Amino acid sequence: MSATIRDAVYRAIDDINELRPPEKRIAKTAEASLFSRSGPLDSLGLLNFIVSLEGAIEDLLGVELILSDKKFNINSFNPFATVSSLLDYLKSQLGEPTP
């Protein structure tokens, strides 16, 4: 399932990158920043990314997952900081052990 989760994240990145100029596109790497002080996404960009990611997860995994839930405080834990932190968060939400 890890590869499918990664594919869903990369699909959402592709969707967002279509709206961004080439020099501001998000890399599809574990280290890539998403939403942080130095990240490329602003709040509207994050919202668009979340909607796209939720759709990709449903398409690829057949699971409805709501990522805009207020159960985490983005100031203390930001699962959207990097691709890696997002993958770990998604694995935990989908019941897959993380290393």
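Q: The expected span of a helix is 1.5 Å times one less than its number of residues. How many Å should helix 2 span?
A: This is a predicted model, where local features need pLDDT of at least 70, side-chain atom pairs count only at pLDDT 80 or more, and totals for chains, interfaces and linings use all residues. Residues are numbered from 1 along each chain as its sequence is written, and side-chain values use heavy atoms, without hydrogens or water. Helices are DSSP runs of H or I with at least four residues, strands are E runs of at least two, and both are numbered from the N terminus. With 19 residues, helix 2 should span 27 Å. Its end C-alpha atoms lie 26 Å apart, which agrees.

Q: Which pattern does the protein follow along the sequence?
A: The pattern is α-α-α. There are 3 helices and 0 strands.

Q: How should I read burial, and which residues of helix 2 are buried?
A: Buried means under 20% relative accessible area, exposed means over 50%, and partly exposed is in between (1.4 Å probe, protein chains only). In the protein, 39% of the 99 residues are buried. In helix 2 the buried residues are G45, L46, F49, I50, S52, L53, E54, A56 and I57. They pack against helix 1 and helix 3.

Q: What is a nonpolar core, and which residues touch the most other members here?
A: In soluble globular proteins, nonpolar side chains tend to be buried together. A nonpolar core is a set of buried Ala, Val, Leu, Ile, Met, Phe, Trp, Tyr and Cys residues joined through side-chain atoms within 4.5 Å. The largest one here has 26 residues. V9, F49, L53, L67, V83, L86 and L90 touch the most other members. Helix 1 (2–17), helix 2 (43–61) and helix 3 (83–93) each give two or more residues to this core. Helix 1 supplies the largest share, 7 residues.

Q: Which residues does V83 touch?
A: Contact means heavy atoms within 4.5 Å. Beyond four places in sequence, V83 touches V9, Y10, I13, A27, T29, A30, A32 and L34. Across the protein, among contacts with a separation of 6 or more, 57% join residues 24 or more positions apart.

Q: Is S85 buried or exposed?
A: S85 lies in helix 3. It counts as buried because its relative accessibility is 19%.

Q: Which parts does the pair R11 and D59 tie together?
A: The closest N and O atoms of R11 and D59 are 3.2 Å apart. R11 lies in helix 1 and D59 in helix 2, so the pair ties together parts 48 residues apart in sequence. R11 is partly exposed at 33% relative accessibility; D59 is exposed at 59%.

Q: Where do D14 and K28 lie?
A: Their side chains meet in a salt bridge of 3.1 Å, N to O. D14 is in helix 1 and K28 in the loop between helix 1 and helix 2, so this pair ties together parts 14 residues apart in sequence. D14 is partly exposed at 33%, and K28 is partly exposed at 38%.

Methods: A salt bridge is a side-chain nitrogen of Lys or Arg within 4 Å of a carboxyl oxygen of Asp or Glu.
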